[in-house]
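The stops below go from the core to the aromatic rings.

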Amino acid sequence: MEIKYDDLELMELFYSEGQSLTGNIEDGDILYRRSNENFKLTMFIYNYEQRINIFLQYKEMDMISIELKDVSSLQKADHYLKIYRNDQEVGNICFGENFLISIED
């Protein structure tokens, strides 16, 4: 199994393409980053492990570190990235004026 997501949707939210963690984009370990004023949001996708890690920093200080396992899909809805496990939403990230992270895990 792997995490289902649309590369173009993630590009729209993060304003850049995903970067391979190993130099081989096909291995499914991808990094996305976006900065907003003093905040930096980083998301690692470990596709074949069905795991994501989300980090939020403020002025280079760690604010939030979250690991979610058994992630089945990531879906863009307006300015939100919705995170699903078995077709049930377990969290989302709002890409508004500020980053807002909500996890129900």
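This is a tour of a predicted model, taken in selections.

**The core.** Start by selecting Phe14, Met43, Ile45, Ile52, Leu74 and Leu81, the residues with the most contacts inside the largest nonpolar core, which has 22 residues. Next, colour the elements that each supply at least two residues of this core: helix α1 (7–14) and the strands β2 (29–36), β3 (39–46), β4 (51–58), β5 (61–69), β7 (80–85) and β8 (88–95).

**Leu81.** Centre on Leu81 and show its surroundings. Leaving aside residues up to four places away in sequence, Leu81 touches Leu10, Leu13, Phe14, Met43, Leu74, Gln75, Lys76, Gly91, Asn92, Ile93 and Phe95.

**The aromatic rings.** The structure holds 6 aromatic pairs. Select Phe44 and Tyr46: their ring centres are 6.3 Å apart and their planes lie at 10 degrees, so this pair is stacked. Both Phe44 and Tyr46 are buried.

Move to Phe95 and Phe99. Here the ring centres are 5.8 Å apart and the planes are at 85 degrees, so the pair is edge-to-face. Phe95 and Phe99 are both buried.

**Charges over rings.** Which ring lies under the charged end of Arg51? Select Tyr46 again: the charged end of Arg51 sits over its ring, 4.1 Å from the centre. Finish at Tyr80, where the charged end of Lys82 sits over the ring, 5.6 Å from its centre.

Terms used. Residues numbered from 1 in each chain as written. Predicted model: local features only at pLDDT ≥ 70, side-chain atom pairs only at ≥ 80, totals over all residues. Heavy atoms only, no water. Core = buried A, V, L, I, M, F, W, Y, C linked by side-chain atoms within 4.5 Å. Buried < 20%, exposed > 50% of the residue type's maximum accessible area, 1.4 Å probe, protein only. Helix = DSSP H or I, 4+ residues; strand = E, 2+ residues; numbered from the N terminus. Contact = heavy atoms within 4.5 Å. Phe/Tyr/Trp six-rings, centres within 6.5 Å; stacked < 30°, edge-to-face > 60°. Lys NZ or Arg CZ within 6 Å of the ring centre and 35° of its normal.
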